[in-house]
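Here's a quick briefing to read with the structure open beside you.

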Amino acid sequence: MSSPINRSFLGAFSIATLALASTALAQSPVKIGVLEDQSGEFAAATLPKVHGIELATEEINKAGGIAGRKIELVVYDTQSDNTRYQEMMRRVLQRDKVDVVFAGFSSASREAYRPIVNQFNGLAFYNNQYEGGVCDANMIVTGAVPEQQFSTLIPWMMEKYGKKVYTIAADYNFGQISAEWVRQIVKENGGEMVGEEFIPLGVSQFSQTIQNIQRVKPDILMTLLVGTAQASYYEQAAAANLKVPMGSSVNVGQGYEHKRFTPPSLANMHVTTNYIEEVDTPESKAFISKWRAKYPNEPYINQEAENSYHAIYLYKQMVERAGSTDREKIRGVIAKGDVCVDAPEGKVCIDPKSQHASHTIYLAQVGADHSITFPKVWNDIKPYWLGDAGCDLTKSDPSAQYTPSNPPPKG
Amino acid sequence: MEILSALFAFLYQAGDAFAFLVLAACGLAIIFGMMGVINLAHGEFIMCGAYVTVFAVRAGLPLPLGIACGTLAAGLVGILLELLVVRHLYNRPLDTIVATWGISLIATQGVLILLGSTMRGVGTPLSSFTFGDYSYSQYRLVLMAAAVVVLVLLYLIFNKTRFGVHARATIQVPHMAEALGVNTRLIYCLTFGLGSALAGLTGGLYAPTMTMVPSMGATFIMEAFVTVVVGGADVFLGTAPAAAVLGVIKAAMTSWQGQLAGQISMLIAVIIVIRVLPNGISGWLLRERG
């Protein structure tokens, strides 16, 4: 039956298969751990982050992977629970042996898992806007920070609406440190803080808070509220006819409250964000159509979704230029100061001193019908505060978080 | 006018806190007080009522009818759960805690998977009014009235109807009531349904003022348990005065030092009450009377 030709063909075929198999072995996948809150208090804002990571992974794998290696995602639901972050961070680093972890929504969760990343000498991307100040060689932060969000927003609002500012903030590290930034920037611009109230997470009734605000009649109200329970504030304030212009670093861009509430409860809200789906550029539109093709039922594409998406491309570039997933080789690439990608928001670059990202900052204003306009856009705002204050990860790694009142030690 | 404005502001806030506490707690208090069952799925009955209300309003019903739908739906779900789960655990109080907790996890996660992480609400009805220096939401007055109406209706149900007499008899001496021909199983079932329906009513009433998320019930739980612990087992002698006392404490502390102080003061109140009056306000009142 079998002719010599046939046999030699078979032989060649089996050699070819063997060769293919061995290259496949050499090309083990790049494993990315994904720890995000897919259920619980923060799920609404966090589910799009997971989708952003999946979308970028699919695109990269279709185009041949990272330096020829496919990306493999290891996804766990952290349930909006800090303890889960700690358990699962250990699990992805020790058992799943991932090359990098994309993790965290709330600042409390980031501070919960960061010591574990340090302990196992891992590398983690934090793709969330936050209160700033993390100077840690094991962390790369692609979210916006106060010098990008508050130093743009607050002076603009004070010029337009007045100098009396009132802050209501979620009562944990994010809200406390963000409120400190607000205080500092208001003071630098000759304004006056007329009130400050910290709200425990999970509180949903705001009658008294609304009255406290009415009592001192501020010109601007900074709302740094986090989580779905606290978002009930807007509905209740609107029902009580409180109409102070509002500013925020987290609303709209993160929790898409303007889509979830009945107009006009979010009217006159101002948010500085590095991306939201209303951004009207060709890059943004192309991004949205790709997204909607994969996730037609996505309620909203928020700034963290875009951060997570472009973070995968940033990581791809770092690994390809370093020729390895080794953290120190990757940091060597970052130290060159030219790791940049063209993201849907615009150009994003990683700053070597702080390992934070530069951003295009859009000032989004919510109208009475909850439509979004962009009265101002700042291009290429660098995450300068940490570097200026004395954090330089190319020289030393303090693995600490700094605030305006607790800056890095000099010298 | 200054004093009047401040006084009204304080009364409004205390009333608002009172309404929230009464409505959050009454369903829990009935199920606990009448049946001794600690229902950890209480928040999910509230969520159920809120979601059904929003769906009904979206389907074109006016809000009051929507709230009625939410109340009814939560009540029916409660009766169903009583028949399937709770009924079999009456002599095992610790097991009911675990079972109802499990139900609450299933409900929260099930709604998240089926209906998504968030849903658009219906918006607060009515408008606002101004008194002195402050403006207020009219709908919050409706909530305060609703809390009082619920208390009055419960009083009438338990003291003036046949069901109420049977229910109280069942609680006092179940075997005697049974011997006298009371269908205690049915009474337990209806009582659980009533407690669930009250939770649903609370969800429906608060739905327009809150974010619609699967975990929304959790924001009521702390206040509900605090009120029941302070009040003790009796709804009228316990829940109502406890809510009044806690409402005043919470409003005063929140006005003075902010939300955090308000929350802390409530928890401190519970600790003091547990230490001084282990059976709650109602236990103390009943002992004083007896």
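Predicted model: local features only at pLDDT ≥ 70, side-chain atom pairs only at ≥ 80, totals over all residues.

A contact here means heavy atoms within 4.5 Å.

**Where the chains meet**

- The size of an interface is often given as the accessible area lost when the parts come together.
- For chain B and chain A that comes to about 3000 Å², with 49% of it on carbon and sulfur atoms.
- On the chain B side, the residues that lose the most area to chain A are B:Arg120, B:Tyr134 and B:Gln259, and together they account for 20% of what that side buries.
- How many salt bridges cross the interface of chain B and chain A? The rule finds zero.
- Polar contacts are another story: chain B and chain A share 17 residue pairs of that kind, counting pairs with both residues at pLDDT 80 or more.

**The five-stranded sheet of chain A**

- Chain A has an open sheet of five strands with parallel pairing, in the order β2-β1-β3-β4-β6.
- Its edge strands are β2 (71–77) and β6 (139–141) of chain A; each has a single partner strand, so one side of each is left without a neighbour in the sheet.
- From one strand to the next, the twist averages 25°.
- Inside this sheet, β3 (residues 100–103) and β4 (residues 124–126) of chain A run parallel and are joined by two bridges.
- A:Phe102 has A:Phe125, in β4(A), as its bridge partner.
- Packed on the sheet is helix α4 (residues 107–119) of chain A, which touches β3, β4 and β6 of chain A. The direction of this helix makes about 165° with that of β4(A).

**The seven-stranded sheet of chain A**

- Chain A also has an open sheet of seven strands, this one with mixed pairing, and the order is β8-β7-β9-β10-β11-β14-β15.
- Why do β8 (192–199) and β15 (372–381) of chain A each have one side without a neighbour in the sheet? Because they stand at the edges, each with a single partner strand.
- Neighbouring strands of this sheet are turned against each other by 20° on average, direction ignored.
- Strands β11 (residues 269–273) and β14 (residues 359–366) of chain A run antiparallel, with four bridges joining them.
- β14(A) is also joined to β15(A), antiparallel again, by six bridges.

- A:Pro263 and A:Pro264 are joined by a cis peptide bond, with omega about 0°.
- Where is A:Pro264? Look in the loop between α10 (257–260) and β11 of chain A.
- A:Asn268 lies in the loop between α10 and β11 of chain A as well, and its phi is near 70°, a positive value in a residue other than glycine.

Notes:
Residues numbered from 1 in each chain as written. Chains lettered and ligands numbered in written order. Heavy atoms only, no water. Buried area = accessible area lost by both parts, 1.4 Å probe. Salt bridge = Lys/Arg side-chain N within 4 Å of Asp/Glu carboxyl O. Polar contact = N/O pair within 3.5 Å; in protein donor to acceptor, adjacent residues only side chain to side chain. Pairing = 2+ DSSP bridges. Axes fitted to C-alpha atoms, helices over the stretch in contact; angles between N-to-C directions.
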